[in-house]
Amino acid sequence: MSLIDIFQHLLPGIGKTIGIFVCTLVFSMPLGMIIAFGRMSKCFILRNVVKLYISVMRGTPLMLQLMVVYFGPYFIFRIQISSSYRLYAVLIAFALNYAAYFAEIYRGGIESMPQGQYEAAQLLGYGKGQTFFKIILPQVMKRILPAVTNEVITLVKDTSLAFSIAYTEMFTMAKALASSQTSVLPFVAAGIFYYVFNLLVAVVMEKLEKKLSYYR
Amino acid sequence: MLLEMNHIRKNFDGVDVLRDISLSVKQGEIVSIIGPSGSGKSTLLRCATMLETIDGGEITYMGEKAVWVENKKPVFAKKDKMKAIRSCYGLVFQNFNLFPHYSVIQNITDAPIHVQKRKKDEVFAEARELLKKMGLSDKENAYPCQLSGGQCQRVAIARALALNPKILFFDEPTSALDPELTGEVLKVIRSLADLDITMVIVTHEMSFARDISDRIIFMDGGVIALEGSPEEVFGAEHTRMKEFLGRFREK
């Protein structure tokens, strides 16, 4: 089997890998913002509940979290799970895990904003929502972009963890193919795929950074 | 009276920064507040502009009570009233606080358009007029990071003026600037004096304060130690004032 044949073989898995990647970003980035606000809340209980959540999400392996989300319903509640639940389990675990990381990135960005920006906005009569969305958020975006790039690149590689609950994304397929063909070539193909994917991510993020470099 | 501050007290972690300060400002008046660092000048301005809450006393704008103290807690006027009160004053900060992601013209026009909901063309025409007055007509599309400190401060002044405030506060507007840039900013503030805008200026520029002000307030240790016309204050036989001025002359 040539590399091209292998890629053709892996194509369905590549689609699924990209699916996990896109869905995780779409769900976890807004969710992270909500969690960040909870983490910065004035309410003691909310703040500490969120703190605990972030601590658990960052302190345990994503692989374990995947298993808990996938097998948990059956072992805890004796709910029969269907095979279609596998994809949902992957998306739930990834979104919850990445939202925790994004929340901390957002918080760092928001808390690094100088107080003077809020004061100037207040004096000019901007409301709380206007101040956040027009003045604070655009500047926070610029500040956190390098950290977000890091996280997105990690996510590309982390999609391979879905194999732990036998979800047939690209890496799971590559492994199966490698055993059946007794060849390492599928792993080479997988490596090339992740690298090129991340090269693309890096280029896009660099473009974004350049676009925002018109001010300091 | 445009602004009345009565018996204002402010306390930071057990330290009395403002101790029973009363101050009123008439329409069209220019008042300079001078005094040594830590005497409470900036805190007084921050209380007047409600960036800081007060621990005692009351503040009234145009006869409308804006904030007062009940049971040791500050109480603000109702929301709609507060909105009207807030729109009658502006503040120019020591470190400008321009919005770095907005161009010069956006910095000036955004609040009039999106807060005051005024017509775009009208706001832009007025903003360009203001920029001309500030000598910055060619900087309309520049970003704050491309400007000098003096230019930034002039944009900040234009931004505050664009909302047509009745009273404009300046919190040490030239303290972050070198002497050359200080001159250009003071010139602009002087030109505003001719426009009959009410101004309250916290400053360390003594000769500027003497020239421009109708009234000078000398603050020391959280109280108004001396108050009067520039001639009265600068000529007063007041020990602390003389010490303070003496130190300035040495510089």
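Across the interface of chain A and chain B, 12 residue pairs are in polar contact, both residues being at pLDDT 80 or more (N or O atoms within 3.5 Å; within protein, one able to donate a hydrogen and the other to accept it, and residues adjacent in sequence counting only if both atoms are side-chain atoms). Helix H5 (115-123) and helix H6 (128-158) of chain A each supply at least two residues of the side that touches chain B, and the largest share, 7 residues, comes from H5(A); helices here are DSSP runs (H or I, at least four residues), numbered from the N terminus. The structure is a predicted model, in which local features need pLDDT of at least 70 and side-chain atom pairs count only at pLDDT 80 or more, whereas totals for chains, interfaces and linings use all residues. Residues are numbered from 1 along each chain as its sequence is written, chains are lettered from A and ligands numbered from 1 in the order in which they are written, and side-chain values use heavy atoms, with hydrogens and water left out.

The rule also finds 2 salt bridges across the interface of chain A and chain B (a side-chain nitrogen of Lys or Arg within 4 Å of a carboxyl oxygen of Asp or Glu). The side chains of B:Asp110 and A:Lys134 form a salt bridge, with an N to O distance of 3.3 Å.

The contact (heavy atoms within 4.5 Å) takes 18 residues from chain A and 23 residues from chain B. The two chains, chain A and chain B, bury about 2000 Å² between them, 60% of it on carbon and sulfur atoms, where buried area is the accessible area (1.4 Å probe) lost on putting two parts together, summed over both.
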